[in-house]
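This briefing reviews side-chain contacts and surface features, grouped by topic. Please consult the sequence and the model alongside the text.

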Amino acid sequence: MAVSAGTLRRPAEGGLWSTVWEWLTTVDHKRIGLLYFWTVLFWFLLAGVEALILRLQLARPDAGVLTPAVYNQLYTMHGTLMVFLVGTPAASVFANMVLPLMIGARDVAFPRLNALSYWVFLFGGILLNAGWLAGGAFDVGWTGYANMSTRPFTQSIGANFWVMGLIVLGLSTMASAFNFLVTIINMRAPGMTLMRMPLMVWALTVVFILVIFAFPVLTVALIFLWFDRFYGTRFFDVAAGGNVFLWQHLFWVFGHPEVYILILPAFGILSEVIPTFSRKPIFGYSTMVLAMGAIAFLGFSVWAHHMFTTGMGPVGNFAFSLSTMLIAIPTGVKVFNWLATMWGGRIRWRVPMLFAGATVLLFILGGLSGMMHASPPIDSQQQDTYFVVAHFHYVLFGGLVMAMFAGVYYWLPKLTGRLLDEGLGKWHFWLTFIGFNLTFFPMHILGALGMPRRIYTYPAEAGWGGLNLLITIGAYILALGILVFAYNLLRSLRKGEPAGSDPWDGRTLEWSIPSPPPEYNFEEIPVVHGRDAWWEQKRQRRVAPVGGGSNGDPHAPGEGHQPGPGREVIHLPKPSIIPLVLALGLAVAGVGTIYHPAVIALGLAITIGAIVAWAIEPPLQGAVHSKE
Amino acid sequence: MRIPPLLRRPRWVAWGISLFLLLLTACASPQNTFGGQGDQARTILGLYWLLIGAALFVGVSVIALLLYAFFRFRERPGAGEPKEVHGNTALEFAWFLIPTIIVLIVAIPSWRTVFRFGQAPPPNALQVQVVGHQWWWEFRYLDYKGADGNPLVSGNELYLPVGRPVALTLRSADVIHSFWVPRLAGKADANPGVTTRLTFTPLETGTYYGQCAEFCGLSHALMRFRVKVLPAEEFERWVQSRQAYTLPPLAGEAEKGWQVFQARGCNACHTIDGTNARGIIGPNLTGIASRDGVAAMALPNTPEDLARWLRNPPAVKAGSKMPNLNLTDEEISALVAFLATLK
């Protein structure tokens, strides 16, 4: 079977159905990356719309736009979606899009497992949101505090969908983490030692290690809650001897490493974009790796700083304040290293770099407000107020989402073969940057003025009306920026300027192959002699990028890829529908746990059948020949 | 100096000024954390300024460096290839050291305060038990017994004498709540099944706004309360009047209201001191006429708002345990007249 380059936008040979089938059965990490990307974008837009509706209710005091019931559901689902369906899969989005390309691999270690991760992510996400259709979404906040979330206080069916959705999503995240760790450990190109890996790969490595240790704890907490809700256990039933702090400890033992699961991909993106656009290698590579390791390690020792006001006593508060403040040190090191990378460089003000610069700026602000509530006495005034809301939006929107935008402008052209528009990108950047700050900066002040979070209304006499109106205006400016982004994305697919293989004069291996890359990524596995492998090749050997480079003919990237006799043989994984079927089986079983045991049996039957079929199905398809 | 283009446009300057004014008016907020009218809030405020100062210093200097680098090293035509710098051990050590020093500057006073706040309350402290309910507050004055031998109880308004330490013990009757009066002290959670402590001394008389800070269900937003810090003598007078509380002489509408109160079963849930109304499901209504609001400050305490509340409580406060009793207009106005006598 002939596979040419540009499989990602190759016109389908058998019409629409065959194209759909190709995507449903794909095991190609690049296509799975795009599936992840579009799905995450969808959830991001949905959660964003939820936030916009919330802002209408909060724009003025005593507003009646939403009932308290709907408000509580919306804010809960906004947070849940942004954390579990946008931030958490960010690592999988970018790992799928570029990780194998960056380490010189032909695919991930377990391509079918990779497809399974995606389909479980999709169905888990739908399950998580299904409460809306079944009579009301979960309404206890994304943190789902028990005993509030146990059945005596929350009867809604949305709570069941929330718990089961998160349990199912955990499977996807874990599978993805193991898959990419094995890929990173085993499939690096010859010569790419650990300390020669691009920092993006390092960041993702740390993320996946964190996932493996943190997510099981969440699953345990969720199973406790599930058992309390359904089978009469009493983990959180205080009157029966249960413990009201158990959920909080378990949730935050997961929840704080989760914060680093969310932010480290952003650190990785910055560590690639900033050197490329400054035309300098990253400053202090080893300290960057060390800092990420330190952040990950300390990240597991800070969880109870979310619990300073629960009455842990001075020793507990002191200990968790200490470990929290320590994290400021490796974080500071990273910021300074990015600064030093820019220093003396030749900074090209292209859209990815604008987003990267803004990310550093906003992350500094988010870090500093975080420093404030690392102090338990100050936290006792900031905990559960809009100050905290401001803080984590600076870190997670200003830090993660802005960095994701940088990453999308930077790497998406590698997969689609087309650049996003620079002018629209700048509109996107400025609207987002201004809208973001207008939305979230005043929240610091609101918090200091005593406005608690998660309240659906406030009286005029509280004096919060003016700032809230300003915030709502800011939110809609921000939304306008996101609309420009969405338009830019869609436009780029058809009308975008062809990217060529190396549009940014990149430094890492993904820029040495055509855009979009052939299905097998590398015709010849590269040999790596140092960091910034592609940059070194370009400098020392003056190699022209494959496919003509940014100045070459972008329409001919696939030329010369016809297989012929005597050429290298590449074994590609066989497309398979089984991962989708297996994921569907899990989702059906999940729905069954809420409604009826017979449905569980049906779901498990599908799942087990799929597992058996998976075991029997041959993993490889016929060999493909690359050029000499 | 060159005036930045933005500032050359009067419209933008006007916007900037109105924004600034908006922020200033916002500071009149009665629930702000900068009041410092309690010793705890005042100590935190001192720390607050230290941390804000440190954050401003770090933020301004690092962001200035960032912007400088971003503009100064912007690509210019004809610029040469930048030098390949891979690192510098001395520098990297320096920016390990800088955050360490800054962390120590803010950490040490923070931790000292943690241990100070953790000390046992002084022996002369007023003992008050705080119980959070969905969605109202109960305050039990353990030092003062009422006529029936039980501690005095007030609902949604906490009365304290100025200058005397108060030792609160907090718990919850249902889910987790958080007791927070920003101008007096930082917040402390009220947990079911576990007791937490909060000790502070109110330093100035006045009425302070408080609100539940931990999401506790449907009407979490309407779980507000007030703390009234009184001069010592006035507080004593309040205690005495409550200890000897009996119904005032009732006549006309008010008397009819008292009949309605008993006939419609209000006494099953509410207590009025010195009467046979001993319910404990809802707040104690003794003294309700002098409170700032009704339904945990969801509504101001006016006859119209009280009537609105009685007509259909869950319509005012979603999920309220107080049901719609389908009271007639006459019953409602009688009840309003009766409750107005409970000063």
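Over the face of which residue does Arg531(A) lie? Arg531(A) lies over the face of Tyr285(A), at 3.8 Å from the ring centre. The model is predicted. Over all chains, the structure holds 73 aromatic pairs and 28 salt bridges.

**Charges over rings**

- In chain A, the contact concerns Arg531(A) and the ring of Tyr285(A), with a distance of 3.8 Å from the ring centre.
- In chain B, the ring of Trp180(B) has the charged end of Lys187(B) over it, 4.0 Å from the ring centre.

**Aromatic pairs and cluster**

- A pair of aromatic rings is described by the distance of the centres and the angle of the planes.
- Among the 73 aromatic pairs, that of Phe215(A) and Phe254(A) is edge-to-face, with 5.0 Å centre to centre and 75 degrees between the planes.
- This pair links distant parts of the chain, 39 residues apart: Phe215(A) is in helix α8 (residues 199-231) of chain A, and Phe254(A) is in helix α9 (residues 246-278) of chain A.
- Phe215(A) counts as buried at 3% relative accessibility, and Phe254(A) is buried with a relative accessible area of 0%.
- The pair of Phe224(A) and Phe235(A) is stacked, because the ring centres are 3.8 Å apart and the planes are at 10 degrees.
- Phe235(A) counts as partly exposed, at 28% relative accessibility.
- One aromatic cluster is formed by Phe44(A), Phe355(A), Tyr394(A), Phe397(A), Phe405(A), Tyr409(A), Phe429(A), Trp430(A), Phe433(A), Phe436(A), Phe440(A) and Phe485(A).

**Salt bridges**

- Side chains of opposite charge can pair when their charged atoms come close.
- Glu617(A) and Arg112(A) form a salt bridge in which the closest N and O atoms are 2.8 Å apart.
- Asp505(A), in the loop between α16 (465-495) and α17 (533-541) of chain A, and Lys538(A), in helix α17 of chain A, are 33 residues apart, and their pair links distant parts of the chain.
- Asp505(A) counts as partly exposed at 24% relative accessibility, whereas Lys538(A) counts as buried at 11%.
- In chain B, Lys256(B) and Glu253(B) meet in a salt bridge of 3.8 Å, N to O.
- Lys256(B) and Glu253(B) are separated by about one helical turn, because they are three residues apart in helix α5 (residues 252-263) of chain B.
- Lys256(B) counts as partly exposed at 38% relative accessibility, and Glu253(B) is partly exposed with a relative accessible area of 36%.
- Salt bridges that share partners join Arg279(A), Arg346(A), Asp502(A), Asp505(A), Lys538(A), Glu75(B) and Glu81(B) into one network.

**Nonpolar surface patch**

- Leu50(B), Phe93(B), Phe96(B), Leu97(B), Ile101(B) and Ile105(B) make a nonpolar surface patch of about 540 Å².
- With five residues, helix α3 (residues 89-117) of chain B gives the most to the nonpolar patch.
- Leu50(B) is in helix α2 (residues 39-72) of chain B and counts as partly exposed, at 34% relative accessibility.

Key: Residues are numbered from 1 along each chain as its sequence is written. Chains are lettered from A and ligands numbered from 1 in the order in which they are written. This is a predicted model: local features need pLDDT of at least 70, side-chain atom pairs count only at pLDDT 80 or more; totals for chains, interfaces and linings use all residues. Side-chain values use heavy atoms; hydrogens and water are left out. Patches are made of residues with over 30% relative accessible area and no salt bridge: like charges are joined within 9 Å, nonpolar side chains (Val, Leu, Ile, Met, Phe, Trp, Tyr) within 5 Å. Accessible areas come from the Shrake-Rupley method with a 1.4 Å probe; for residues, only the protein chains shown count as cover. A salt bridge is a side-chain nitrogen of Lys or Arg within 4 Å of a carboxyl oxygen of Asp or Glu. Helices (H or I, at least four residues) and strands (E, at least two) are DSSP runs, numbered from the N terminus. Buried means under 20% relative accessible area, exposed over 50%, partly exposed in between (1.4 Å probe, protein chains only). Rings of Phe, Tyr and Trp (its six-membered ring) pair if their centres lie within 6.5 Å; planes under 30 degrees apart count as stacked, over 60 as edge-to-face and the rest as tilted. A charge sits over a ring if NZ of Lys or CZ of Arg is within 6 Å of the ring centre and within 35 degrees of the ring normal.
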